Amino acid sequence: MNRHVAWAALAATFAASAAFAAETAPMDVKFTDAGEVTDSLTGQPGDPAKGAEVAATKSLGNCVACHVVSALDAAFQGNIGPELNGAADRWSEAQLRGIVVDAKHTFEGSVMPSMYKTGPFIRPGDGYTGKAATGDLAPILNAQQVEDVVAFLMTLKEE
Amino acid sequence: ALSSAALHAEMAEDELNINGDTPIVTKAPAAAHLEGHLDEVYSGWLFRTDDTRAMEQDDFDNPIMIYAEKGMDNWSVADGSEGKSCADCHGDISEGMKGVRATMPKLNAKGELWSMEDYINDCRTNRMGAEAWGWDSGAMHNMTVALSVQSRGMPVNVKIDGDAAPFWEKGKEIYYTRYGQLELSCASCHEENYGNYIRADHLSQGQIQGFPVYRLKNAGVVSIHNRFKGCIRDTRAETYSPGSPEFHALELYVASRGMGLDIEGGGVRP
Ligand code: HEC
Ligand code: HEC
Ligand code: HEC
């Protein structure tokens, strides 16, 4: 193998794992009794524009399946959950992060899926194939996507 | 969950009367075993658009009748080593099969829980010497639709006590299990959220007395177990297979949630 390529690959692996190490893994997230997650999962600021995309995209957060978010340009927004317009007037950033990571800490028994959880699940599947998962599941959103969605939610102010 | 007044606003005020001569009960007080869960039960038909509902009002407009006719034609065609047809033993389908769909699934003589598909295949393999039909094969769909039409307007009549009770309990447990990465149970969508929209889909109570149904999306017939499979898959779970013990038990339990409603004998759904 070409030595330069090998070293470059090794360096890239280190860089990736260094970035990863700064992230809080799904199992390590700490919730307050009220369901808040006070610390950023990545230490990097979230990008509201990317968060908007995550919220509107079916294969990502798919928040619009259950929530009306007037700021998003997505057809057929659902009403399983409350409208998210003005969410930042009602909730703090730590609270919103807690809801996105795992809403069941804020709303007991909620039907809202936990976006940053890797298990345990009952009969986990391989995406939407109906087949068994082939290995450990990645969370629905990665740590930075969670931060991006939280940053987007923080822009939803009505007052 | 929303108040029931809000939910009613999301349902059609309409009555189903197929061909103007077969009234179908689509709303009824819930069975006693649903106390604390549902007060009233509703057919999925009430949650569909005006156009889709209209298709089920008249057999000329209901695409499932093409399949029913194929099934009725096959009723008197001999097949297998015994050279017999269904009609040879059961007579006219409208007499021999009247009310049968409404009692399904039910225990066979050996105490196994069987769906209509199992009874049909038992006759084919053990009485006709013919090949079993696949659960979701065209021939099976045609026959289950043809049989269901014979129970139109008859109330769901499943037995859930006695020897059936353990199956019913198992089905109930499955109904309330939160499957998959999305951790959603049948109840998350069809008990807590019927009347609401999940994206573009208007959630019904997920009742099965309209089955088999014609789905416009698939341009074909969908069996009860196949619908269950799709709903579990949508929770990002490993689903169960049509014909599995789990889906037999779930079919009995879900059928019992529809007690009070009438068999539609070929529903139309989006
Ligand atoms: C399958 C349905 C579903 C999905 C998907 C979903 N939610 Fe929710 N969400 C709910 C429900 C239901 C509630 C109300 C809490 C409860 O009663 O369980 C809720 C509550 C919330 C709240 C609190 C709202 C308020 O003002 O009270 C926020 C914020 C929120 N969700 C954000 C999100 C975001 C962001 C996403 C996507 C990343 C998302 N939700 C995806 C169902 C869902
Ligand atoms: C050789 C005779 C014979 C033939 C041919 C036959 N059946 Fe049957 N079928 C029976 C008998 C006997 C039973 C059991 C009746 C009982 O136990 O009450 C039965 C039961 C059934 C049942 C369950 C009815 C109930 O109420 O429990 C269905 C459904 C059924 N047959 C459908 C069919 C179909 C469809 C065909 C043709 C594909 C067919 N049968 C062919 C004899 C036959
Ligand atoms: C993520 C939400 C969701 C879950 C969980 C879910 N379903 Fe469904 N189901 C739907 C949607 C959407 C439809 C189509 C609209 C409707 O009829 O509700 C549907 C339709 C159905 C129908 C067809 C009803 C008709 O009249 O055509 C049945 C039956 C059904 N579901 C049963 C179940 C059962 C049983 C479970 C659990 C194993 C389940 N569903 C879980 C979303 C769900």
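A nitrogen atom of ligand 3 is placed 2.8 Å from an N or O atom in the side chain of His190(B). This is a predicted model, in which local features need pLDDT of at least 70 and side-chain atom pairs count only at pLDDT 80 or more, while totals for chains, interfaces and linings use all residues. Residues are numbered from 1 along each chain as its sequence is written, chains are lettered from A and ligands numbered from 1 in the order in which they are written, and side-chain values use heavy atoms, with hydrogens and water left out.

**Around ligand 3**

- An oxygen atom of ligand 3 lies 2.7 Å from a polar backbone atom of Ser204(B), and a polar side-chain atom of Arg269(B) is 2.9 Å from an oxygen atom of ligand 3.

**Around ligand 2**

- Of the 17 residues around ligand 2, those that come nearest include Cys86(B), Cys89(B) and Cys123(B).
- A nitrogen atom of ligand 2 is 2.8 Å from an N or O atom in the side chain of His90(B), and an oxygen atom of ligand 2 is 2.9 Å from an N or O atom in the side chain of Lys106(B).
- The helix α6(B) gives the most to the shell around ligand 2, with 5 residues.

How values were computed: Near = heavy atom within 4 Å. Polar contact = N/O pair within 3.5 Å; in protein donor to acceptor, adjacent residues only side chain to side chain. Helix = DSSP H or I, 4+ residues; strand = E, 2+ residues; numbered from the N terminus.
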